[in-house]
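Thanks for coming, everyone. I'll take a few minutes to walk through one model. Please have a look at it first.

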Amino acid sequence: MTDRTTSSPRICGNCDGFASAAITLGGRNARGHLRTITAHCPACNGTGHARTRRVREGARA
């Protein structure tokens, strides 16, 4: 008997799975650490996976 495999989630087409990035703001704080912010992909909200669309049966266009 073969094992069942689960389908892998679809990778976001906008960010190719790299949903978050750390961006330096330039300069350092008082302790010498780089100041950074985190930017998330707006299409997948930082998850890296594309959302699936549900098709409603009997829906009118």
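Predicted model: local features only at pLDDT ≥ 70, side-chain atom pairs only at ≥ 80, totals over all residues.

Now the answer. You'll find isoleucine 23 in strand 1, which covers residues 20–28. Ile23 also belongs to a nonpolar surface patch, together with Leu25 and Ile37. That patch is about 250 Å².

Let's step back to the whole chain. There are 0 helices and 2 strands. The chain has 61 residues, and 10% of them count as buried. Its accessible surface comes to about 6,100 Å². Carbon and sulfur atoms own 48% of that surface. Now take the contacts with a separation of 6 or more. Of these, 43% are between residues 24 or more positions apart.

On to the inside. Which residues make up the largest nonpolar core? There are 5: Cys12, Cys15, Ala19, Cys41 and Cys44. Look at cysteine 41 in there. Set aside its neighbours within four places in sequence. Cysteine 41 then touches Cys12, Asn14, Cys15, Ala19 and Gly46.

With those cysteines in view, how many disulfides does the structure hold? The count is 0. Take cysteine 12: the nearest cysteine sulfur is that of cysteine 15, 3.8 Å away. A disulfide needs the two sulfur atoms within 2.5 Å, so cysteine 12 is in none. For cysteine 15, the nearest cysteine sulfur is that of cysteine 12, at 3.8 Å, and cysteine 15 is in no disulfide either. What about cover? Cysteine 12 has 4% relative accessibility, so it counts as buried. Cysteine 15 is buried too, with a relative accessible area of 14%.

Last topic: the backbone. Aspartate 16 is not a glycine, yet its phi is positive, about 55°. Aspartate 16 sits in the segment before strand 1. Asparagine 45 lies in the segment after strand 2, which spans 34–40.

That's the tour. Over to you.

Key: Residues numbered from 1 in each chain as written. Heavy atoms only, no water. Patch = residues over 30% accessible without salt bridge, like charges linked within 9 Å, V, L, I, M, F, W, Y side chains within 5 Å. Areas by Shrake-Rupley, 256 points an atom, 1.4 Å probe, with all protein chains shown as cover. Salt bridge = Lys/Arg side-chain N within 4 Å of Asp/Glu carboxyl O. Helix = DSSP H or I, 4+ residues; strand = E, 2+ residues; numbered from the N terminus. Buried < 20%, exposed > 50% of the residue type's maximum accessible area, 1.4 Å probe, protein only. Contact = heavy atoms within 4.5 Å. Core = buried A, V, L, I, M, F, W, Y, C linked by side-chain atoms within 4.5 Å.
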